[in-house]
Amino acid sequence: MSRPEKKKKLSSDLSSPPTINGVVSNQENHHQPLSRRWEDLEVDCLANVFARVGMESLLLALPFVCKSWYATSHNPLCWRSLSFPDFEPNPLFVSVHEIDFETRKFGPFYDKFINEYRINRTRFSITGFIKLVIKRSDGKATSLKLPGFCNEEALRYVSETCPELRMLCLCDDLVLFKHCRIISELIGKWKYLEHLTLGGNCGEILKQYSGEGSVEYLSKSFEALLAFDKFSDGNLHKILVQVGIHCKNFMSLHIFETLVGEAEALAIVTMLPGLMDLTLGQSRIERDNLVMLLQGCKKLCCFNLWYCEGFEGCDAELLKLASHISEFWYKGGAVTDFTRLNVLKRNILTMGIKNQIWRKGRMLMARVFGLT
């Protein structure tokens, strides 16, 4: 007689359930399902997941789940790609009686952040918030989209603490905001830069601008950000020249709400020979300068031309010049926003001058009454 086979001993290692042809068996003696807890994942794996959820979840949700997630949310790997939510200080435009009032709202995300962490609203600053977030990247950030309405202090901090940036988005208007005057000075700090976005937040300003006579001054916080010395469009040219000098791997440029003149078009062609992706949105460019770009940018693979003015549509000649570009997209219409936004910029600078006159008048009145 053959000896009966010994019964196989059930393994007590639940991490290795019985399998049939490599598939987990559903045997009756396998009562407990295989499960692993998120907090048991290796830190780098969990950080890799967290890096994809966005800043709002990293600050307002994940840290409150458990101690493990709180610790992982501070891992620099989670903060290599930084996209700040829109900063929407409100109000920007005020009556003469509200000039010195503090900003009361900052946008949905920042208002929620202030409430969640019980921050005194009068002490909150976007500069302090930017520093807090960037510090968590430990100098390893490679992609950064700054919020609008930041200042020179924040921009200089970024230049010192984010030397490995490949992508940078600065949405503040190059003409209105005085901190944009130093971008050309700081470009040399980002030698690995490959993509740059400039401008684009005038639309947010326009949402609050009513043009009504009763609201003809700027709030104190908005006034402090603006440049009143001159209305100049030469800033873009200086930035392009510095990008060409310092950023040897540069390949992508997006420009919004800006004048692209002959000097700027020439700088794009001569200083950015490796340019592969170009977007001009709600900007002004004359036909001759557009032709210069189409003829001179030999490596362009993608060119987006959205709602620009300065030329009468995209005719057969322009399409022929763009035939070497694999993705050429043109969107236009009878009415563009560039002229309207340019008028807005001039009105804002005029309001700022009125603010300054009002302040000087108040100082003079204080001196007069102080002497009597």
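**Notes on the predicted model**

1. Gln282 has a relative accessibility of 23%, so it counts as partly exposed. This residue belongs to the loop that runs between β10 (277-281) and α12 (287-296). Its backbone deserves a look as well: the phi of Gln282 is positive, about 50°, although the residue is not a glycine. For context, most residues other than glycine have a negative phi.

2. The model under review is predicted. The protein has 372 residues, and 43% of them count as buried. Its secondary structure comprises 14 helices and 12 strands.

3. Phe149 is placed in the loop between β5 (143-145) and α6 (152-161). Is this residue buried or exposed? With a relative accessibility of 6%, below the 20% cut-off, Phe149 counts as buried.

4. The peptide bond between Asn90 and Pro91 is cis, with omega at about 5°. Pro91 sits in the loop between β3 (81-83) and β4 (93-94). By way of background, most peptide bonds are trans.

5. Two packed helices are described by the angle between their axes and the distance between the axes. Helix α4 (residues 108-116) packs with helix α5 (residues 126-136) at an angle of about 80°, and their axes are 13 Å apart. Angles of 65 to 115 degrees count as roughly perpendicular, and α4 is therefore roughly perpendicular to α5. On the α4 side the contact is made by Phe109, Tyr110 and Phe113, and on the α5 side by Ile126, Phe129 and Leu132. By class, the residues of this contact are six nonpolar, no polar and no charged.

6. How many disulfides does the whole structure contain? A search finds zero. Cys171 is in no disulfide, and the nearest cysteine sulfur, that of Cys169, lies 5.8 Å away; a disulfide would require the two sulfur atoms to be within 2.5 Å. Cys171 has a relative accessible area of 14% and is therefore buried. Cys78, at 2% relative accessibility, also counts as buried.

Notes:
Residues numbered from 1 in each chain as written. Predicted model: local features only at pLDDT ≥ 70, side-chain atom pairs only at ≥ 80, totals over all residues. Heavy atoms only, no water. Axes fitted to C-alpha atoms, helices over the stretch in contact; angles between N-to-C directions. Helix = DSSP H or I, 4+ residues; strand = E, 2+ residues; numbered from the N terminus. Parallel < 35°, antiparallel > 145°, perpendicular 65-115°, else oblique. Contact = heavy atoms within 4.5 Å. Nonpolar A, V, L, I, M, F, W, Y, C, P; charged D, E, K, R; others polar. Buried < 20%, exposed > 50% of the residue type's maximum accessible area, 1.4 Å probe, protein only.
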